[in-house]
Amino acid sequence: MHRTELLSEHCYDRQRAEEFIWKHVRMQGFSRRQFIRLLAEGAGAAAAIILPFQYKVVAAETDRAILKSAPPELFLRSGSNLEMRWEVLYNRGYVVPNNLFFVRNNSPAVPRVSPNTWRLLVDGSGVSRPTSFTYDEILAMPSISVIRAIECAGNGRNFFEVSHGKKIAGTPWNLGGIGVAEWTGVPLREVLERASLKRTARDVMPEGLDEKNIKRPIPIEKAMADDTLLVYAMNGEPLPPDHGFPMRVLVPGWVGIAHIKWIGRIQVSEEPLYSEYNTKRYVLIGPEYKPNPPALGPMLTTQKVKSAFELPWNGEVRSGKRLLRGRSWSGEGRISKVKVSLDRGRTWQEARLREPNIDLAWVRWDLDWDARPGTYKLQARATDSKGNTQPDRIPFNDEGYSYWAVVTHTISVK
Ligand SMILES: Nc1nc2c(c(=O)[nH]1)N[C@H]1C(S)=C(S)[C@@H](COP(=O)(O)O)O[C@H]1N2
Ligand SMILES: [Mo]
């Protein structure tokens, strides 16, 4: 098969499926000719006859685009996506409760999966014993809980319009495409090892059961990290349907799209894996970015350092003494410093950081503010533990990913 053909997901998947089935029929003593005949009956059918488990991921029933209630005072809705309103965090704690957590669905509907029939298939050239797990089998494995952020790569997209004067198609996030939760699950490493992970494994591609079968590869090193999890609980509750029930992956620090929801399959490969989500989308395309074949530009991996105020956009607050609050975060570490300006960057004050300050999650900060009537141009600039500081301006990219420059938040005090 030609290289270009492998860029088509369909060709690629078909070729992989055939290789996989061929390996198994050979193990069971079938001849090449019998294999070809089986293929002619359809790869799926062949797989069902020979394999002790279903090759194709189980089909899922679909439901509405979003299941949780999304009143306009809590969320900004855009199609199948819900943006968190930052002001709702003002009187909350460190984690974002499940009912307030943002939602980003690429497929038109939430798949409904029964934990009784659900299976997770781990297969591909990178494992020597393809294995399928039931819900209960995974629940019975040793689990851990970690507090981490999930943030959409497009979070902040709207600000490209402000900084570069260009409106970009795609979910119009302000900065509410992020949330922090406590995630409970089994280290992905554990699951891969139970399928006899090969030392030569290179890439790991979790695949969703939603209509678009969303999938995006991560390198084996990231898949084996202590806090990369197969997640089944969120803030102490079973993972809600909108967030990937029965299970999703957590890939700390990485772009939201890496955290595949409604997972049905994990392909492990000795060869680099590609999907349109790391070749055509979720890559940086623009005058200042070079193509990165087979990807159209640099692939997005870790999230940048950013900040937001716990205030409504273009909102109003009553005059008086108050705590001006916000949060800052980074996909590369924890936050070491936050500076705040009330006058669009003319003068700066250092904000007080409040515990906890967890790596790859966020930190809450505040500043005493004697808010007198008038219009304020608030800015916050964070620095993370790797020394990355939010810049004033970043280069444009066509899809509007990764807006991490300082944002001006206008507030009028009445
Ligand atoms: N299967 C599947 N997984 C998915 C998505 C999707 O559409 N389908 N969206 C991704 C994107 S783009 C983001 S930002 C996060 C959002 O997670 P949340 O909806 O739980 O907040 O899930 C990711 N995982
Ligand atoms: Mo996303």
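Predicted model: local features only at pLDDT ≥ 70, side-chain atom pairs only at ≥ 80, totals over all residues.
1. An oxygen atom of ligand 1 is 2.7 Å from a backbone N or O atom of Asn-106. With Lys-261 the side chain takes part: one of its N or O atoms is 2.5 Å from an oxygen atom of the ligand.

2. The surroundings of the ligand may be described as follows. Ligand 1 is surrounded by 19 residues, and the closest are Phe-102, Asn-106, Asp-210, His-243 and Lys-261. By class, this shell comprises 9 nonpolar, 6 polar and 4 charged residues. The largest cavity is the space that ligand 1 takes.

3. The structure holds 16 aromatic pairs. In the pair of Phe-102 and Trp-173, the ring centres are 5.7 Å apart and the planes stand at 85°; because pairs with planes over 60 degrees apart count as edge-to-face, this pair is classed as edge-to-face.

4. The position of this pair along the chain is also of interest. Phe-102 is found in the loop between β3 (81-84) and β4 (103-104), whereas Trp-173 is in the loop between α6 (158-164) and β9 (178-187); the pair therefore ties together parts that are 71 residues apart in sequence.

5. The bond from Phe-245 to Pro-246 is cis, with omega near 10°, and Pro-246 lies in the loop between β13 (237-238) and β14 (248-250). The bond from Pro-293 to Pro-294 is likewise cis, with omega near 0°. Pro-294 is located in the loop between α9 (276-279) and β16 (306-309).

6. A further backbone feature concerns Tyr-282. Its phi is near 60°, which is a positive value in a residue other than glycine. Tyr-282 lies in the loop between α9 and β16, and Pro-294 is likewise assigned to the loop between these elements.

Key:
Residues numbered from 1 in each chain as written. Chains lettered and ligands numbered in written order. Heavy atoms only, no water. Near = heavy atom within 4 Å. Polar contact = N/O pair within 3.5 Å; in protein donor to acceptor, adjacent residues only side chain to side chain. 1 Å grid on protein atoms, 1.4 Å probe; cavity = no way out; pocket = protein on both sides within 12 Å on 5 of 7 lines; lining within 4 Å. Sits in = over half its atoms within 2 Å of the grid points. Nonpolar A, V, L, I, M, F, W, Y, C, P; charged D, E, K, R; others polar. Phe/Tyr/Trp six-rings, centres within 6.5 Å; stacked < 30°, edge-to-face > 60°. Helix = DSSP H or I, 4+ residues; strand = E, 2+ residues; numbered from the N terminus.
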